[in-house]
Amino acid sequence: MIPVPVVVTVLGGWCAVYLADTLLKSSNSLKTSYEDWLLTYGLSVSPFHLRWQTALFNRQFYNWGRWKPKFLYLWFSVGMVFGIVAMFGSVILLGKTLLQTLTQMLTEAPKAQNDRMLQVVVSVPSSGLCLRAVCKLIVLHENSPCSVVPGVNLPVSQLTYFFSAILISGVIHEVGHGVAAIREQVRFNGFGIFIFIVYPGAFVDLFTTHLQLISPVQQLRIFCAGVWHNFVLGVASFMVLLLLPAILFPFYYTGVGALVTEVAEDSPANGPRGLFVGDLVTNLQDCPVYNVEDWNSCLGDISEKSQVGYCVSAATLQQLSFPARVYRRLDGTVECCSNNSLTDICFSYSNKLDSHLYACLPARKVIEASKVCRTNMDCHKDFVPSFCVTPSLENQTRLIRVKHPPHIDMLYVGHPMHLQYTVSLSSFVPRQNFLSIDLPVVIETFCKYLISLSGALAVINAVPCFALDGQWILNSFLEATLSSLIVEKHNRELVGFLILLAGSALLAANVALGLWMVTAR
């Protein structure tokens, strides 16, 4: 659930703003000057909504809208086609997502969250016609263990990325609408930014009468421009992310390991023989690590597969082992180390006579310079009698050897995902000591948020739903295609209303179930 201090802070802040606004407007001496001040600066205040509108950027918008008319005509025509395709595609995508969610709920067998195509988290509707205040927000899932909701499971360190990406995606979206409108000779009144509860957004103010006078095709170019620009922003961010190694090549090199950029204070990897900022991880067990993707992949494989063993010669096994009582844990696994030592671990092995033997051994002495194995056959080398000894640990717990030369190997005992979530890494290694190890991570993270949120705006805004761009796209599309088939305008409007009703219900169901999946489970 959302932390109480966050709720109190947000509600208290908005109550203070609204109370101050009410008092100033009700004051006989300050009302006129306060309202003049709001009008001068284009500010308006309402419950949980603060808006700023200006004409300062009108000249720039008109310059953009009149730049290379033929190119802009082609650009927004392609955007119109994309918007229409996106409208139908978004319905299919939301329908499939809804079916996946319902199936997961009914079967009580949750699938991995990264198998889900889309997780709708937040939807803040726009407030009026002509794109006056557009802010439709969702989170498009991208290989995280759960969907992201600010205040619920979005780390504080990610809030800057999250809200910056929302604002930039919204601004690019509205720039598309504004430039397309000027291109189609619709009067542009102004541009603005607003805050709804905690979410930033942007809007453009267009002259409604001009919008109603132009043809349906011209309207489509304007209404589709927002989702088109969001799609282009997402693609551009993806290209930057893809080409980042080449872009940063003069300053950073890649492919040599995963560089540790942060270790959480409560991380199991934090300690004298753990990982430190600046360490370069090259191996997890026998799995080579060349970048962050390899780190995640290796930890995933280690988590899914059974614990690997280590080759130990019979002589070494006899020398290191000592008598200990064998007993079973509550989960059925076996423990044979009863001295509460932090350095000894119970190992299981087998020989020709007995398949269930156990020995309490010093972990570091057993693992260092040992070859990993699955069976005794993997250890038969140079005719030296050897055994494959496997750590006898609790279910889901693994013993992992982490190589980060030139330091001594870190031996980690715990769930592999705990290591993944508490250690931050980068694939980029600075060529010079004065270069920041965090810069590539900042660029990568911001690009991922832009891809996610800008793509989400493109998908959700295209849904034929009341108050979203999809409503105006659908109405203009029906006017452009059905005017000869359905002559009566009110009949076309009825068809559009029924489609919008269905689209709104589909989106609402996805939002409700998405929030339930994130907060209630």
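**Exercise 1. A salt bridge between Glu-335 and Arg-329**

Determine how the side chains of Glu-335 and Arg-329 meet in this predicted model, and state whether the two residues are buried or exposed.

*Solution.*
Step 1. A salt bridge requires a side-chain nitrogen of Lys or Arg within 4 Å of a carboxyl oxygen of Asp or Glu.
Step 2. From N to O, the distance between the side chains of Glu-335 and Arg-329 is 2.8 Å, and the contact is a salt bridge.
Step 3. Both Glu-335 and Arg-329 are buried.
Step 4. The structure as a whole holds seven salt bridges.

**Exercise 2. A network around Glu-479**

Identify which residues are joined with Glu-479 into one network of salt bridges.

*Solution.*
Step 1. Glu-479 forms a salt bridge with Lys-489, and their closest N and O atoms are 3.4 Å apart.
Step 2. Glu-479 belongs to helix H13 (residues 469-482) and Lys-489 to helix H14 (residues 489-519), so this pair ties together parts that are ten residues apart in sequence.
Step 3. A salt bridge also links the side chains of Arg-492 and Glu-479, at 3.1 Å from N to O.
Step 4. Because Arg-492 lies in helix H14 and Glu-479 in helix H13, this pair ties together parts that are 13 residues apart in sequence.
Step 5. Through shared partners, the salt bridges join Glu-479, Lys-489 and Arg-492 into one network.
Step 6. Buried means under 20% relative accessible area. Arg-492 has a relative accessibility of 9% and therefore counts as buried, whereas Lys-489 is partly exposed, with a relative accessible area of 45%.

**Exercise 3. The second largest pocket**

Describe the second largest pocket by its volume, the elements that supply its lining and the classes of its residues.

*Solution.*
Step 1. The volume of the second largest pocket is about 810 Å³.
Step 2. Its lining consists of 33 residues, and those closest to the centre are Leu-342, Thr-343, Asp-344, Ile-345 and Val-413.
Step 3. At least two lining residues come from each of strand S13 (344-349), helix H10 (363-367) and strand S18 (410-414). The most is given by S18, with four residues.
Step 4. Sorted by class, the lining has 16 nonpolar, ten polar and seven charged residues.

**Exercise 4. A nonpolar patch on the surface**

State which residues form a nonpolar patch on the surface, and locate Val-240 in its helix.

*Solution.*
Step 1. The patch is formed by Phe-231, Val-235, Phe-238, Met-239, Val-240, Leu-242, Leu-243 and Ile-247. Together these residues have about 680 Å² of accessible area.
Step 2. Val-240 is placed in helix H7 (residues 216-247).
Step 3. Membership of a patch requires over 30% relative accessible area. Val-240 has 34% and is partly exposed.

**Exercise 5. Backbone exceptions**

Find where the cis peptide bond lies and in which loops Lys-68 and Gln-185 are found.

*Solution.*
Step 1. Most residues other than glycine have a negative phi, and most peptide bonds are trans.
Step 2. Pro-405 and Pro-406 are joined by a cis peptide bond, with omega at about 10°. Pro-406 is in the loop between strand S17 (398-403) and S18.
Step 3. Lys-68 has a positive phi, near 45°. Lys-68 sits in the loop between helix H3 (58-65) and helix H4 (69-107), and counts as partly exposed at 48% relative accessibility.
Step 4. Gln-185 also has a positive phi, near 65°. The loop that holds Gln-185 runs between helix H5 (159-183) and strand S3 (188-196). With a relative accessible area of 65%, Gln-185 is exposed.

Terms used. Residues are numbered from 1 along each chain as its sequence is written. This is a predicted model: local features need pLDDT of at least 70, side-chain atom pairs count only at pLDDT 80 or more; totals for chains, interfaces and linings use all residues. Side-chain values use heavy atoms; hydrogens and water are left out. On a 1 Å grid over the protein atoms alone, a cavity is a set of points where a 1.4 Å probe fits but cannot get out, and a pocket is an open set with protein on both sides within 12 Å along at least five of seven lines; lining residues have an atom within 4 Å of a point. Grid points are joined across faces, edges and corners, and a volume is the space filled by probe spheres set on the points. Ala, Val, Leu, Ile, Met, Phe, Trp, Tyr, Cys and Pro count as nonpolar, Asp, Glu, Lys and Arg as charged, and the others, Gly among them, as polar. Patches are made of residues with over 30% relative accessible area and no salt bridge: like charges are joined within 9 Å, nonpolar side chains (Val, Leu, Ile, Met, Phe, Trp, Tyr) within 5 Å. Accessible areas come from the Shrake-Rupley method with a 1.4 Å probe; for residues, only the protein chains shown count as cover. Buried means under 20% relative accessible area, exposed over 50%, partly exposed in between (1.4 Å probe, protein chains only).
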